[in-house]
Amino acid sequence: MIDRWPEVGIARLIAQRHGFVPGESLLDLVRIYADVDFLHIPVQQVDGVSLHLKAKGRRPSIIVNSQIADTRAKFTLAHEFGHVLIPWHSGTIFSYSDSEKKTEGADNAYWEMEAEANRFAAELLMPREWLRAQVLEHQDPAHVLRVVLNLCGTSMAAAIIALNNALPPGYVYARTDDEGLVSNSMSSHGTYVKPFALGEKFAGSTRARESSACYNLNFKGTHHWLQYDSEKVPETVVDERPWRTIFDEIISDTNAVALQANIKHSINAIISTCNTKDISAQAFFTAVRQRMAGRDEVYDLILAHPLFNVFLQKKVAEFISRRT
Ligand SMILES: [Zn+2]
């Protein structure tokens, strides 16, 4: 698979060359290319250092801070390994753990190298294709996360992001705190449903109601993955009225115009957007509901109206009949 990041390609090549897969010893692999020491680094927020990078006649050397947690140390080792292998990283590079430092110095070239080493490390430790295969095999993202944490030895935060990048369209991840409020949320690529806002209530939300499955994991917080079908068959419509009449009734019942003056126009725009070439009636119907879910309170009210599916089905049918 071609990736737009060359450093990700380098990570894949190295893994392929040495048959390196999650669960294998990273240290053994890195020591083929560089000296590695675990030492106390007395500089605040420095997780690791790479020395003698691309220096003629010298073997590169990596120092990983011995004071940091195991998961962070493993990621740091992979990150420093990235500095060793990425051809344009040279000299001595200090790697800071604190991304707030980013705003202090405006050395963009340095931070670009740090980002490259991070992408290299993520791909080496949690290969995208391997993750996709895990998702296909197990279906349940919570289960895959457990596999990643056990085998890859990365932090929860890094594993969640890598998993999200590997999930197919139709997944929304949310982490909730003790009060059930969302503390982190993201959608997989190509998902219509937007992630939760921070501090939003998870249970009983429209996003949760619209989902077709929910996977959970209690480990260092509560993690939820909502799954959305790409095609959900709507129930049969028995209502002879035209969609315009039904739509007006929904808008009036929900007092929607008072909440958002151009609401009718907005919903019509969403529906038009979902009318992509050759989309089936079921997929069209589902795409509209998913795009509206969790957008705003007024959309939630309209989605919950008992006549909304009736309206939407008629509207979708009209769009489809106009195609021929
Ligand atoms: Zn670095």
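Which residues touch the most other members of the largest nonpolar core? They are Ala 159 and Leu 163, in a core of 77 residues. Here a nonpolar core is a set of buried Ala, Val, Leu, Ile, Met, Phe, Trp, Tyr and Cys residues joined through C-beta atoms within 7 Å, and a residue is buried if 20 or more other C-beta atoms lie within 10 Å of its own, with C-beta atoms placed from the backbone. Helix 5 gives the most to this core, with 7 residues.

Before going further, note that this is a predicted model, in which local features need pLDDT of at least 70 and side-chain atom pairs count only at pLDDT 80 or more, while totals for chains, interfaces and linings use all residues. Residues are numbered from 1 along each chain as its sequence is written.

Now look at helix 8 (residues 156-166), where the buried residues include Ala 159 and Leu 163. Helices (H or I, at least four residues) and strands (E, at least two) are DSSP runs, numbered from the N terminus. The buried residues of helix 8 pack against helix 3, helix 5, helix 6, helix 7, strand 5 and strand 6. Beyond its neighbours within four places in sequence, Ala 159 is in contact with residues including Met 126, Leu 145 and Cys 152; contact requires C-beta atoms, placed from the backbone, within 7 Å.

Four strands form an open sheet in the order 1-3-2-4, with mixed pairing (two strands pair if DSSP finds at least two bridges between them). Strand 1 (35-39) and strand 4 (91-96) each have a single partner strand, so one side of each lacks a neighbour in the sheet. Strand 1 pairs with strand 3 (residues 61-65) in the parallel sense over 5 bridges.

Key. A residue is buried if 20 or more other C-beta atoms lie within 10 Å of its own, exposed if 12 or fewer, and partly exposed in between; C-beta atoms are placed from the backbone. Two residues are in contact if their C-beta atoms, placed from the backbone, lie within 7 Å.
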